[in-house]
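Biologist: I am new to this structure. Could you show it to me and take me through it?

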Amino acid sequence: MASFIDRIKKCIFGSTILTPRDLESLIIDNFIEGKNESTLKNKIYYPTSFKIFLESSDFERLNQHFPGIFEDAVDEFVKMLTNEIPKGHYLPHSKKWQFQFIENTEGMLLKGKTIDLPSGNVLIVSTLYSKGEAQGGTNTVVATKTKVGSAGGRYEINPEILNEISEKGEFTYEKRLVIIPKGSGSASKGPEKQAKATLTLVSGGTFIGGMKSVGLVEPQVKICGKKGFPGAGVQIVRIEDDLVSNPHFIIYEQNGAFLIEAQASLILNGNNITGSTEALPDNAMIIIANKHQLRFSIANKNKDGNPVSKLVSKFFS
């Protein structure tokens, strides 16, 4: 609830409170600016990593909205790029989207110099790559300082200062970067693939993006930690944990039958199967890294009457 002083200010001067929608709009404006500055004649470049500095009271008031702002803003980025990128195969220059929301404190950004960031103001620093991902040591930096109801102004910031900021924490959000150009073969194949099975994190954390459950749609699915990256024809499921190997285990599917290959420490239905390949039954419980408990569930249409599934289960039992 707004304070008495805030209500008086709103009556006299109009609203100056930074809303979730305001913050999302400022991030999108920064993205467009970075894209316009970085794009070449034949290749589109755009920011994929955003550091968003907020004044303390704004940070505390808005932090519950950060996951939603991240998801919604990325959806907007993808819509723009889907319409702008030429039809055909497209390989993004970066592997992921990353947002980091940071509570600004005195002297945090510039050594010996304080940045004035009063309530309602935002400093957004965006780069083409997240830290450690830049190729050839080059990375365009777009820093805009904005406030509610006014256009942003460019702000000079030393890129080396970004190296001092850790990218770990509860207010950092990441998502795999996938763009399918409008009208391309991949986009015109009809509805999305149906999940053949589901992995649900019963305890121990979340998948990247904050999800607790994920559908398995490819014949080969690799369950990895934060640094697992996709390959052709392979689905990557990443768990928000550096202790999870890359990959930790692999699930194979053929005609409704499932196998699990344990490449790191793994307990399946109470049995340690590390280093082996076993049949993976419906409702199986999987424990990895001594902390993450996952439930494997086969989609209804694959559960009953599949002779191949029965044969594989019998062979491995």
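This is a predicted model: local features need pLDDT of at least 70, side-chain atom pairs count only at pLDDT 80 or more; totals for chains, interfaces and linings use all residues.

Biologist: How many helices and strands does the chain have?

Modeller: The chain has six helices and 17 strands; these are DSSP runs numbered from the N terminus, with helices being H or I of at least four residues and strands E of at least two.

Biologist: In what order do the six strands of the open sheet run?

Modeller: The order is S8-S7-S17-S16-S13-S14, with antiparallel pairing; two strands pair if DSSP finds at least two bridges between them. Strand S8 (213-216) and strand S14 (271-272) are the edges, each pairing on one side only.

Biologist: Which residue is the bridge partner of threonine 200 in S8?

Modeller: That partner is serine 213. Four bridges link S8 with strand S7 (residues 197-203).

Biologist: Turning to the backbone, which residues does the cis peptide bond join?

Modeller: It joins asparagine 246 and proline 247, with omega about -5°. Proline 247 sits in the loop between strand S10 (235-238) and strand S11 (249-254).

Biologist: And what is phi of asparagine 269?

Modeller: Phi of asparagine 269 is near 50°, a positive value. Asparagine 269 is partly exposed at 42% relative accessibility, where that term lies between buried (under 20% relative accessible area) and exposed (over 50%), using a 1.4 Å probe and protein chains only.

Conventions. Residues are numbered from 1 along each chain as its sequence is written. Side-chain values use heavy atoms; hydrogens and water are left out.
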